[in-house]
Amino acid sequence: MAFSDLIQQAAALCKSSCRLAVLTGAGVSKESGIPTFRDAMDGLWAQYDPQELATLEAFRRNPSLVWNWYQFRRSVVQAAQPNAGHIALARLQQLCPHMQIITQNVDNLHERAGSTKVIRLHGSIALNRCSGNCQGNPTHLTIDRAIPATGDEPPACPHCGKYIRPDVVWFGEVLPAKQIEHAKQLARTADVMLVIGTSGVVQPAAHMPVIARSAGAKIIEVNPVKSEVTPLAHVWLQGPSAEILPQIIEAIDNV
Ligand code: OAD
């Protein structure tokens with residue numbers, strides 16, 4: 001089938017959907033200059049494997065290393081702008097008000113592009129919390145004058161003095177219960193699921209397209225290369241999301 005026909009097919013499915021769910025991964029932010037998890041990194045942090053830094057064990061072993069890696073990632077996220085793919089998804093939500101985005105990304109580029117009610121499965125890199133989970137009020141901490149940075153070490157929690165840590169889900173940690181339940185419910189009830197820029201290897205997020213497909217949803221995937229999701233997809237749009245998603249919107253406008 002010609003690529004333009006696949007775009008038309010995806011546009012028709014989105015337009016006629018009554019319950020459109022969208023699952024995004026790191027690929028959707030790639031054209032904003034944020035490296036995906038499984039891409040090779042350049043520069044200072046190239047020697048480190050993200051999967052070995054994004055764990056509680058790594059933080060316990062070397063808090064300064066993990067903290068500074070997150071400070072670096074924060075600086076990348078802060079400097080980044082939403083790309084044409086994020087903007088197209090915000091527009092799609094205007095066209096399909098029932099649509100909901102489930103994201104594995106810890107940047108806030110969907111929201112900055114104008115999307116609302118985004119379900120974050122892996123937390124937010126913009127926030128910190130106590131590594132001892134002391135639940136002092138406020139639980140989410142920003143770094144300001146009240147929490148002085150101590151050299152390269154993570155700052156101390158103002159409530160209990162333990163290190164603070166980024167409010168993201170690390171490998172081996174449990175996802176926030178409310179968000180995962182909400183995501184599962186959306187997957188169970190979706191009639192169309194658009195899966196964008198994820199390798200589909202990290203659970204439980206990777207299970208969402210499986211749930212949706214078993215419940216009868218049509219699956220549309222946007223990814224330049226085959227992923228674990230591709231065998232489930234009714235329509236695979238092979239290419240970068242910043243190019244493909246605006247084409248879907250254009251096709252919806254013309255359907
Ligand atoms: P990955 O890095 O595993 O996969 C990124 C996917 O994006 C790959 O399938 C790429 O082919 C695809 N991709 C690359 N460029 C793209 C583009 N321009 N447009 C669209 N797709 C593109 O990232 P995730 O699947 O998001 O979790 O990884 C899932 C989780 O693994 C992350 O949330 C993170 C990590 O461990 C935690 O930190 C808990």
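This is a predicted model: local features need pLDDT of at least 70, side-chain atom pairs count only at pLDDT 80 or more; totals for chains, interfaces and linings use all residues.

I take helices (H or I, at least four residues) and strands (E, at least two) as DSSP runs, numbered from the N terminus. Residues are numbered from 1 along each chain as its sequence is written, and side-chain values use heavy atoms, without hydrogens and water.

**Sheet**

I looked up the strand order. Six strands form an open sheet, β3-β2-β1-β6-β7-β8, with parallel pairing. Two strands pair if DSSP finds at least two bridges between them. β3 and β8 are the edge strands, each pairing on one side only. L23 stands opposite I102 in β2.

**Helix α9**

I checked the length of α9 (residues 241-254). The expected span is 1.5 Å times one less than the number of residues. For the 14 residues of α9 that gives 20 Å, and the end C-alpha atoms are 20 Å apart, which agrees. Next I listed its buried residues (under 20% relative accessible area; exposed is over 50%, partly exposed in between; 1.4 Å probe, protein chains only). They are S241, A242, I244, L245, I248, I249, A251 and I252. Their cover includes α1 (3-16), α5 (84-95), β6 (192-196), β7 (218-222) and β8 (235-237).

**S115**

Where does S115 lie? I found S115 in the loop between α6 (109-113) and β3 (119-120). S115 counts as buried because its relative accessibility is 4%. Contact means heavy atoms within 4.5 Å. Not counting residues up to four places away in sequence, S115 touches L89, A90, Q93, I101 and H110.

**Pockets**

I used a 1 Å grid over the protein atoms alone; a pocket is an open set of points where a 1.4 Å probe fits, with protein on both sides within 12 Å along at least five of seven lines, and lining residues have an atom within 4 Å of a point. Volume is the space filled by probe spheres set on the points, which are joined across faces, edges and corners.

The largest pocket has a volume of about 870 Å³. Its lining has 47 residues, with G25, A26, T36, F37 and R38 nearest the centre. Helix α4 (residues 63-79) gives the largest share of that lining, three residues.

The second largest pocket has a volume of about 340 Å³. It is lined by 16 residues, and G123, R129, H140, D167 and P176 lie nearest its centre. β4 gives the most to this lining, four residues.
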